[in-house]
Amino acid sequence: MFCYGGELMANILYESCTTVLNTYGFTQDAVDNYLLSQSFTPVVAHKLVSVDLYLYRTGTPGNCLLNVYASDSGADDDKPTGPVLATATFDGDDVGEDVGGVDWFSIELAAGVNLTAGTKYVLVLSAPTGDNTNKLHWGYSTTADQYATGKRGFSTNAGVTWFPQNTHDHWFKEYGSTAPSASSQLNYSKALVAIGGNCLYHESPEGTMIPLADSVDSIDTINSMIDIVEAYEKVFIVNESIKKIADFGNIKLTTNASGIGAAVPNHGNLLTCAATGAKIVVDYITSFVDDAAVTIYGKRTTSTQFSSADVIVGTNDADAAISITLGDDEAAGPFWYDWNVYGDLAGVDTTYGKLPDEASIICLYRGRIAVAGDPGYPNQWYMFRQSNPWDLVVTSTDAQAAVIGQNSDAGKLGDAVVALAPYKDDYLVFGCANSMWLLAGDPRSGGELSELDLTTGIYGKKSWCFDSFGNFYFWGNNGLYKTTLPGYPMCISQQALPKLIADEAADPSTHRITLGFDHERNGILICITVLATGKNSNYFYSLTTEGFFPESYPDTCGVSSIFFYAATNTAYKKLLLGNNDGYLRYFDDAQKDDVLADDSTIPIESHVSFGPLLIANDPKYEGKLTGLIPILAGGCGGGGEADSNNVECKLFVADSADSILEKLVANTAPNFARTIIAPGRSRTNILRRKIRGVYAGIRLGNTTAAQSWSLDQLLIDGAKAGRLK
Amino acid sequence: MKLSFPVKGIHKGVAASSQPEMTSPDMLNVRPYDVLERKVRGGQRGGISKLYARQIGEVASPIVAICSVTVVS
């Protein structure tokens with residue numbers, strides 16, 4: 001999840017508790033299953049590489065373990081959860097003996113682990129072979145919560161249950177490495193965000209999804225339309241009348257009861273604490289009343305933090321002197337709060353415009369947040385000021401000001417906006433109910449809005465994607481369309497699947513159609529899912545072969561969202577499928593079955609039909625099939641080529657091509673059936689029986705668990721057998 | 001007669017007697033690239049696996065939106 005440019009620096013002390021030593025806790029796993037823990041919350045993201053613990057030993061505890069875990073949340077806050085993120089084994093016999101030998105003991109974490117700022121982790125100390133006379137003792141404070149963002153804890157049953165202790169903290173120091181501070185070095189983190197079950201989850205640490213606690217049950221993902229977009233280190237959420245922000249980049253300051261003062265800071269103002277030098281760039285303030293605490297969100301640009309009673313000063317856009325006294329220490333995110341326009345005096349809140357009453361479509365284009373989908377004004381789209389998602393004042397006349405618009409020829413009411421599809425900062429496609437429109441450039445500064453297509457609309461807000469060449473694909477009135485931008489959309493499914501729309505019978509009120517570009521397999525995944533049941537019908541459109549390949553997944557794996565996660569760790573850099581059962585999945589070439597929620601598997605029913613084939617090369621004549629040799633992938637003698645599993649082969653013959661089609665689809669009463677033994681070519685697979693008919697069809701398939709197959713070729717021998725009577 | 005996998009996918013748009021080359025009138029859960037060697041020779045699609053152990057929302061409810069967020073440290 002983390003990427004650091006340049007060489008890593010030597011170890012730096014990050015979090016620690018080293019004040020007020022009162023007593024010691026001890027480990028003795030082998031006898032009583034006693035384990036010790038200490039949670040901590042990094043203020044700065046870094047790679048944890050070593051830990052110092054304040055220890056002494058009794059006897060010879062032998063090999064001991066220090067593990068690092070993510071912290072659970074809610075009622076289980078400060079308790080370890082999930083997989084071990086980093087581990088170290090050390091010789092407990094090297095620790096100083098008895099209380100007189102107590103000292104800091106350094107433990108290296110060989111692989112280390114990247115830690116996210118503001119996320120809680122848990123150190124767990126154990127002595128697996130220790131007992132009552134051979135154990136480690138870890139010093140801790142019982143006085144006044146010496147380390148505020150973590151707790152000491154213990155387990156008496158080998159970690160099955162944990163008991164964090166309020167105000168108690170083990171003595172620890174954790175060290176890490178981070179990138180040099182040279183301006184040329186970039187230091188950033190990337191995390192996945194997923195929404196379902198009426199809440200938002202985010203990745204923390206890498207590979208683990210956790211809920212953003214305040215988001216639980218504060219959005220409606222079941223009965224209301226919802227859309228999200230990443231911008232400015234945040235995720236903006238529109239959920240009809242609910243509009244929220246998950247803020248991962250800012251810190252939060254709260255003023256004292258005197259409030260914001262006479263000079264209100266503006267978005268982008270720099271505020272400084274004269275006493276400590278701490279600085280913050282103001283992002284957003286909440287609406288306020290006189291003489292009441294106000295919340296300020298912003299990006300701290302110094303390592304020095306803000307504390308309660310700090311006086312922060314600056315100058316606002318009107319050159320007025322800002323002076324604010326803080327009522328609390330700064331708080332670290334992520335935060336969850338209402339999305340509204342920039343704070344102003346409550347009740348007089350018009351300075352920064354007004355968000356639409358409802359919205360369900362959102363995107364980022366040219367630094368502007370764009371929203372649409374207000375049922376009161378379905379034709380309307382709204383774009384916030386560039387670089388300021390808090391300003392929707394459309395009466396300003398500068399080039400960056402907010403814009404409200406619609407898509408139509410002059411004098412006509414615009415078509416209802418269904419999807420917003422930005423392509424870089426160059427184009428924005430407005431997918432509408434019955435038309436497609438293209439905005440080139442900026443709507444305030446030289447941009448041009450024109451019709452992309454007036455003969456088709458788009459199905460839904462996620463029924464589109466781009467490929468790596470910038471081609472735009474969308475599900476429209478007749479199936480799958482493709483176009484360049486600008487360009488002329490062409491229905492590319494019409495020839496191969498002329499009844500696609502009728503066959504799928506997708507209804508926007510019940511079905512979701514989602515498109516995604518699979519970088520790895522160079523194809524477009526099209527998923528049509530009944531949201532209520534997960535029943536699904538899907539297509540993989542190969543950009544390499546320009547063919548459609550129908551697919552089906554278990555109902556619980558019906559796809560309700562698709563996202564290519566450009567994770568910095570390639571283990572997670574995949575096309576992700578958000579499924580109907582609440583799990584995130586991906587196509588796994590090593591997996592031969594589909595994996596369900598409980599980790600059980602269900603075999604994939606796969607088949608392909610060949611034909612109808614003219615046996616005698618002349619439809620006036622019957623033919624005689626004299627040989628059929630299926631050759632499956634893989635060498636016969638082991639070797640480097642991966643081997644196919646067996647397939648079921650069925651042969652159908654008939655006098656008309658349509659009869660063959662019916663038989664192939666019905667998959668009943670074949671003229672011949674046999675299991676083809678893999679891999680490669682085998683004499684036992686050769687069909688030598690003579691079968692007469694005008695047309696033949698061959699069906700290969702597999703429905704067996706833990707099996708997968710691929711084909712090299714089919715060889716067929718046929719001969720003319722006489723005129724059909 | 002030598003037949004290769006119909007790598008041009010499903011095709012239902014012409015008379016059955018004129019089925020275009022390299023297409024199939026009926027197929028399911030197969031792709032042109034096989035999962036064994038990633039060769040264009042056709043085969044069963046890969047399985048769908050869970051990438052993250054945790055169920056979003058702790059309930060069997062659709063994941064309706066996904067994105068990533070990048071934060072400068």
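1. Overall confidence. The predicted model has an ipTM of 0.98 and a pTM of 0.79. For chain A the mean pLDDT is 92, with 96% of the residues at 70 or more. For chain B the mean is 94, and 99% of the residues reach 70 or more.

2. Where pLDDT is low, the predicted coordinates should not be read in detail.

3. Confidence within chain B. Of the elements of chain B, strand β1 (residues 2–3) has the lowest mean pLDDT, 92. The highest, 98, belongs to strand β2 (residues 27–28) of chain B.

4. Domains of chain A. The assignment gives domain 1 (2–177), domain 2 (190–247), domain 3 (251–332), domain 4 (340–458), domain 5 (477–603) and domain 6 (606–723). Between domain 3 and domain 4 of chain A, the C-alpha centres are 31 Å apart. Their contact involves 7 residues of domain 3 of chain A and 9 residues of domain 4 of chain A. On the domain 3 side of chain A, the residues touching domain 4 of chain A are 4 nonpolar and 3 polar, with no charged residue.

5. Contact between the chains. On chain A, 108 residues are in contact with 63 residues of chain B. The element that gives the most to the chain A side is strand β15 (residues 187–196) of chain A, with 10 residues. By residue type, the side of chain A that touches chain B has 57 nonpolar, 32 polar and 19 charged residues.

6. A sheet of chain A. An open sheet of 4 strands has the order β37-β38-β39-β40 (chain A), with antiparallel pairing. At its edges are β37 (464–466) and β40 (490–491) of chain A, each of which pairs on one side only. Inside the sheet, strand β38 (residues 472–476) and strand β39 (residues 479–483) of chain A run antiparallel and are joined by 5 bridges. A:Gly476 has A:Gly479 in β39(A) as its bridge partner.

7. Strand β42 and its neighbours. Is strand β42 (residues 523–530) of chain A mostly covered or mostly open? It is mostly covered, with 7 of its 8 residues buried. Strand β41 (residues 511–518) of chain A runs antiparallel to β42(A), joined by 8 bridges.

8. Turns next to β42. The hairpin of β41(A) and β42(A) has 4 residues between the strands, and A:Asn522 in this hairpin has a positive phi near 50°. The hairpin of β42(A) and β43(A) has 5 residues between them, with A:Gly534 in the turn at a positive phi of about 85°.

Notes
Residues numbered from 1 in each chain as written. Chains lettered and ligands numbered in written order. Predicted model: local features only at pLDDT ≥ 70, side-chain atom pairs only at ≥ 80, totals over all residues. pLDDT = per-residue confidence, 0-100. Domains from an automatic or database assignment. Contact = placed C-beta atoms within 7 Å. Nonpolar A, V, L, I, M, F, W, Y, C, P; charged D, E, K, R; others polar. Helix = DSSP H or I, 4+ residues; strand = E, 2+ residues; numbered from the N terminus. Pairing = 2+ DSSP bridges. Buried ≥ 20, exposed ≤ 12 C-beta atoms within 10 Å, placed from the backbone.
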